[in-house]
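Open the model in your viewer and keep the selection panel at hand. The stops below go from a helix pair to salt bridges.

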Amino acid sequence: MTGAGATGELESVRVTRILRDDIVLGRRAPGSRLVERDIAAELDVSRLPVREAIRALVAEGVVVARPRTWAVVREFTHQDIQDFAEVREAIETLIFVFAAERHDEDGIERMRLVYEREMAAALAGDAEGARIAAGEFHEIAAYLAGNDMLNELISVFLTRLQWLFGQHDDLVAMAEEHRIIYEAMAARDSDALRSLIPQHLASGRLAAEQRLAGGVEA
């Protein structure tokens with residue numbers, strides 16, 4: 001059992017959050033080693049919460065545990081991206097359609113505010129801020145869909161979804177796609193969303209594949 005820090009947050013939860021952000025925002029590159037003692041020293045914690053954090057991130061699909069050696073940040077392959085995209089398209093199209101049909105005024109206002117924050121960050125060259133807001137845009141839609149089963153399904157690959165946003169270089173274009181999606185949601189235009197969401201996700205898949213093509217496939 002790990003203790004709580006000054007804010008009351010469990011150390012293992014805090015370490016997991018920090019490492020997850022480092023991975024999905026590209027601070028820790030694919031293939032980089034996660035050495036317990038080094039991370040513990042860096043974050044001023046014992047090795048136990050680091051070990052628990054690594055175990056959690058293995059379950060989330062962004063870290064690979066290698067027996068008798070270091071855990072490493074996962075190196076995604078083209079097949080990984082294809083498999084992820086096929087499942088994600090089906091689930092997220094349902095999420096945005098349901099969110100369009102079921103949102104209230106407060107919910108659609110949250111979507112507007114996070115989109116505007118994303119666009120402002122993208123225009124200012126704040127890549128990290130834009131990518132975080134992009135992830136929140138999809139998370140809010142999942143909440144507004146009002147379907148617990150869909151929320152459970154998307155939680156399985158939420159971290160990988162956030163990682164995918166980290167592959168975008170044209171952040172203004174991504175924010176613009178979110179503006180169009182937001183406007184369709186505000187208009188409760190389910191038919192438009194059934195076309196817009198697959199197109200939007202295809203651009204994310206292309207960005208990930210182009211980034212992967214520039215490196216070394218695992």
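Select helices α1 (residues 11-24) and α3 (residues 47-59): their axes come within 8 Å and cross at roughly 50°, so α1 and α3 are oblique to each other. Axes are lines fitted to C-alpha atoms, for helices over the stretch in contact, with angles from 0 to 180 degrees between N-to-C directions. Helices are DSSP runs (H or I, at least four residues), numbered from the N terminus.

This is a predicted model, where local features need pLDDT of at least 70 and side-chain atom pairs pLDDT 80 or more, while totals for chains, interfaces and linings use all residues. Residues are numbered from 1 along each chain as its sequence is written, and side-chain values use heavy atoms, without hydrogens and water.

Next, show the side chains of Asp22 and Arg28. They meet in a salt bridge, 3.2 Å from N to O (a side-chain nitrogen of Lys or Arg within 4 Å of a carboxyl oxygen of Asp or Glu). Asp22 and Arg28 are both buried (under 20% relative accessible area; exposed is over 50%, partly exposed in between; 1.4 Å probe, protein chains only).

Move to helix α4 (residues 78-102), where Arg88 and Glu92 lie four residues apart. Their closest N and O atoms are 2.7 Å apart in a salt bridge, and both residues are buried.

Finish at Arg179 and Glu176, a salt bridge of 2.3 Å, N to O. Arg179 is partly exposed at 23% relative accessibility, as is Glu176 at 29%.

Conventions:
Helices (H or I, at least four residues) and strands (E, at least two) are DSSP runs, numbered from the N terminus. Angles under 35 degrees count as roughly parallel, over 145 as roughly antiparallel, 65 to 115 as roughly perpendicular and the rest as oblique.
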